[in-house]
Each structure stands twice: as structure tokens, then as C-alpha cells.
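Welcome! Take a moment to look over the sequence and the model, and then let's walk through them together with some questions and answers.

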Amino acid sequence: MGMSSPLKAMLPKPPEINEHTIMHYAWVIVAVGAVAQMVGSAIRMSFGVLITPLEETFGWSPGAIGLAYAWMSIVTALFSPIAGSMGTRFGARRTMSVGVALFFIGMMWTSQTGSLWELYISYGLVFGIAQALFLVPVIPAVANWFRRHLGLGTGIMMVSWSLGPAIAVQVMALLFESVGWQETFIIAGVVGTVVLGGLMLLFKDTPEQAGKKPYGWKSGDKPLVTKGEVYNKQSRQFQGFIYRTNAFWNLINIHFLGCAGHAIILVGIIPLATHRGLSLLEASSILALISAVSVSTRFLAPVLSDKIGSKGVMFFCFFGQGAGVLMLLWANTPLEFYLFAILWAVPYGGEGTAFPVINRQYYGHSPMGPTYGWQLLGAGLGMALGGALPGMVFDITGAYTWAIILSAAFSLAGAAAILALEPTRDPLIPDWADIEAESEPVARPAGATGHAAAGD
Amino acid sequence: MSQILRGSTGSTARSTTDIADVWTQSARRRPWLGLGLLGISIAFTLAVVIYFGAWSASEKVQARQAAEVDPGAAGKDVSAWEEGFLWACPLH
């Protein structure tokens, strides 16, 4: 299978990559991933701006237009596991390129839409699939570029989740005002496609494909097989074992509960605050404050998860998100709402960003695409449910009390489910790097696996 | 080359050409715990949606009944989604 120890000892050891350096191609991949996330989340979040122009042009009801958004969210969620598997099977770059092509078609078609069913297909179905294809495979691809310090790479990329919508919603609103909704979609489609298409030229699925070493690589690490027949066969086999772990199913459940918990607040906070007497401007600034403060933990949660273990960090975030939301039961003044925004945004920001790190800690360096795709299915369905609940509850009761209680219940149930996860000290299945090394007919230095799991 | 694989329990297992054997022996598997918790969440979510959906349907039906001169006629206007929620919820 391999080479004897004396012969291995004679092989020259390649130089190690410095612990932290900015001069590494992994950061280009992180930047590409961040921009892809920004474009996707920006177009998604700016849908609200589209409602009034469509209502005025076609006379459709806001509810019927909003259904396109709900449909798009569900399509993205349902397509996430497939997108994750495609990323592993065909490579992230190819999968994302198909997503970019569909993004262009979806945006152009939406700009020309003349009926509701067309909107449901162009924005709901085509753009929904496009989103899954260019948002899901990018995180596992970034993980491929980090042998160690994945939390740092993930944290930097996750910051784009907040920055994208913050910048793009303003730009889209300005475009709607100045050139109209159809031209806005054409401009956003063309610019987005050119930017994403250009970035795809820089994107490499794995460091091995680019002839480079991953970030945090040390001379004792075994190289990973990242394509070919052996890779395809073993990744399918390994995924079969992942399906048989508690963590695989429980992490889908946890992501669902966490997203349902915070979606209720994100969608309901402005109507809740105005219902309690705050002006629209004051209410909007609560949401802006939540976005701004959450940037800190979007970055810190994966970094800390890498250092001290994901389970504790995730429990803190879920418990804080659930307990913190109860402040809204008594909040009435702007000051109380702002205090809530600052305190709640800290755990909320870290709710979803540690998942790539916990996947690495549980399943080593195995392909993450299908596992992460399934987790995003849970997240997407949670967001869809959480987004629908506040309005539904208010219509019935004339208050948001039940929505707040449900939000707390979902997040605290997520925190309880985290306690049922195994500690992250050891992988749940023997490390992928060891297995790969055994099956490869190429000599390599023996030693560390490169799996730097932090323990809870 | 023989290779020692470290299992999660700290024990060691010698690899064979059939890697799946090693994974079978060493993997920590408790799928029923995760599936059970996911099932509880789905059941809770369905209960919440059905309860609030039926509550909403019940309110709408009552509002229409109150507005009708002939209360018996209001029942004819119950839409399919209202009927579905009211049928599914044992509390409404």
C-alpha cells in the first residue's frame, strides 16, 4: 500500500506554512465566498423593495407577491442537500457556475415578468435553485482550503451575511427609485453575473487542484485525495456513516430550531416596536442595531468554536437567543428596545456560524457538502416558518406575546438539543485523512492527522 | 504499509482494504437519538401551525357569522384551508 518507514524518512520534508499569514490563496477563496454570499443574500433581502412597484404596476396583492419570496425560500431550502452533494460530486466551482447561469436567467426573467405564475417560476423556482447552487457548496469549498484555523476562515466569510444586505438593500432601493423595478433587476442581474462569473475564474475547489498547500498545513500532515474514482467511492461510503450518527440528524434539527427562533424576531421586531408606540424610524434602527452588533459574533463564534469546542459556544448562542428574547415581553421604550437589540444580537450572531466548524470536529476532513446542505435545509425551513408566525399570531390575538414565547421556545429547545450532542474532542468517525492516506498508493510522511479538534 | 487508525473511543484498529469495516467498528453511532429529537421538533412545529391555523380559521368564520344576517349562511363560505385546519385541530 505504501512506502516503508526508512524510505519515507529519506523524503525531503516540504516547508510548513506559517501559522498565520495573509499571503495565502485561501484568503482569495474566502473573499470569493464572501462576495458570493453577499450577492445572494443582498438580492434575497432586497425583495421587500420590490413589493410596492409590483403592486402598483400589476395590482397584485402584497400577500400574493410575498408568496414568491416564501416559495423561493422553500425551494432554496429543499434544494440545499442536492446542491451540497453536487458540490462534492462535480466540484464547487462547476456547481456554482451553474448557479450563476441560473441567477442570470432568474433575474432577467423576473425583470420581464407579466403574471404572478411567471414571478413564482422566475424568482421563486429559478432564483431559488440558483441561490442553493452558489451559496451551499461555497462553505465546504472554503473548508477544503483550511487544514487548521477553519474558524478564522469561516468567521471572516460569515461577516458578509450582515454586510451584503446592509449595502445592497440601499443600492437596490436607489435603483428602484431612479430607473424602475424592471431595469433594476436587469442591472442587478448583469452586474451580479459579471462579478460572480469573474470570481469563478479565481476560484479553485481545493488547494490540491491549485497545486498549493491548505492554510495551516504542517509537514507531518497527510495529503488528502480530493477527486477521482477513489474519492467518489469513499466519500459516498463515508457519507453513509455520517447518516448513521446522532449529530447528523440533530444538527439539522438544531439549525431548524435556531433559525425559526430568530426569524420570528427579525420579521416581527419592527411591527412589534411600532405596535408599542415607537416611530417607524426608531423601530427600523432596532433592526439596524441588531445587524451591526451581530457582525461581532458572526466572526467570533466560529473562531472560539475552533479554539474551545463548538458545543459550548453553540449552547451559549442558542440559550442566549432564547432567554434574551423574553426581554421583549416587557420592552416599551426605545431605550429598552435598543438594550434588547444589543444584548440579543450577540448570541443571535453566533447561532448559525459555527456549523462548518462542528462538522469538521465531528467528521474530520471528509467532504462536507451533503452534510452542510442538509443543515441548510433545516435552516431554510426554520426561516420560512419563523417568518410566517409573527403576522399569523398578530392577526389572531392582536398582540405579539405568543410570537415572542414561541421564539424563546424554539431557541431554548435548540439549546437543549445541543446538550444531546457528543463532545467535540474526538471525531465521531475515524478521520478522513487517515483513511485517505491508507488507500493512496503514494508515499507520504506519517504523523499528525491534521485534525485539530477542540474539545468541549 | 499497515496503518494504525485511531478510533474515537481511544482504541486502535488496524485498517484493511475494506475501509468500511474500520468505520463500522470505530464510528460512534446513535442515529435514533438525533432522529428522535428531529421528530419531536417536527411534531411540535406541526402542532403549533395547526393550533394557530385553526385559531385563525375559527376567528375568521366567527367574524363572518357575526356579519351575516342569517348565521346559517356563513358556514357555506368556509374556505378549504380553514376547513382543513379546523378538521386537524382537536382544540378548535
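Q: What share of the residues of chain B count as buried?
A: A word first on what you are looking at: this is a predicted model. Chain B has 92 residues. The share of them that count as buried is 18%.

Q: Which pattern does chain B follow when read along the sequence?
A: Chain B is built from four helices and two strands. Reading along the sequence gives their order, which is β-β-α-α-α-α.

Q: Among contacts in chain B between residues at least 6 apart in sequence, what percentage join residues at least 24 apart?
A: Here we look at contacts between residues of chain B that are at least 6 apart in sequence. Those joining residues at least 24 apart make up 38%.

Q: How are H2(B) and H4(B) oriented to each other?
A: Helix H2 of chain B covers residues 31-67, and helix H4 of chain B covers residues 80-88. Their axes are 8 Å apart and the packing angle is about 125°. An angle counts as roughly perpendicular from 65 to 115 degrees and as roughly antiparallel over 145. H2(B) and H4(B) are therefore oblique.

Q: Which residues of H4(B) make the contact with H2(B)?
A: The crossing of these two helices, H2(B) and H4(B), is left-handed. On the H2(B) side, the contact is made by Ile50(B), Gly53(B), Ala54(B), Ala57(B), Ser58(B), Lys60(B) and Val61(B). By class, the contact has seven nonpolar, two polar and two charged residues. The residues from H4(B) are Glu82(B), Phe85(B), Leu86(B) and Ala88(B).

Q: How many helices does the secondary structure of chain A come to?
A: Let's move to chain A, which has 456 residues, 56% of which count as buried. Of its contacts with a separation of 6 or more, 85% are between residues 24 or more positions apart. The secondary structure has zero strands, and the number of helices is 19.

Q: Which residues does Phe134(A) touch, not counting residues up to four places away in sequence?
A: Leaving out residues up to four places away in sequence, Phe134(A) touches Ala36(A), Gly40(A), Met96(A), Gly99(A), Val100(A), Phe103(A) and Leu196(A).

Q: Is Ile264(A) buried or exposed?
A: Ile264(A) is found in helix H12 of chain A. The residues it touches, beyond those up to four places away in sequence, include Gly386(A), Leu389(A) and Pro390(A). Because Ile264(A) has 30 C-beta neighbours inside 10 Å, it counts as buried.

Q: What is the handedness of the crossing of H12(A) and H17(A)?
A: Helix H17 of chain A runs over residues 369-397, and its axis comes within 6 Å of that of H12(A), crossing at roughly 35°. The crossing is right-handed.

Q: Where is His149(A)?
A: His149(A) has a positive phi of about 60° although it is not a glycine. With 20 C-beta neighbours inside 10 Å, His149(A) counts as buried. Its place in chain A is the loop between H7 and H8.

Q: How many of the nine residues of H8(A) are buried?
A: Helix H8 of chain A covers residues 150-158 and is mostly covered. Its buried residues include Leu150(A), Thr154(A) and Met158(A). Of the nine residues, the number buried is eight.

Key: Residues numbered from 1 in each chain as written. Chains lettered and ligands numbered in written order. Predicted model: local features only at pLDDT ≥ 70, side-chain atom pairs only at ≥ 80, totals over all residues. Contact = placed C-beta atoms within 7 Å. Axes fitted to C-alpha atoms, helices over the stretch in contact; angles between N-to-C directions. Parallel < 35°, antiparallel > 145°, perpendicular 65-115°, else oblique. Left-handed = near helix turned anticlockwise from the far one by under 90°. Nonpolar A, V, L, I, M, F, W, Y, C, P; charged D, E, K, R; others polar. Buried ≥ 20, exposed ≤ 12 C-beta atoms within 10 Å, placed from the backbone.
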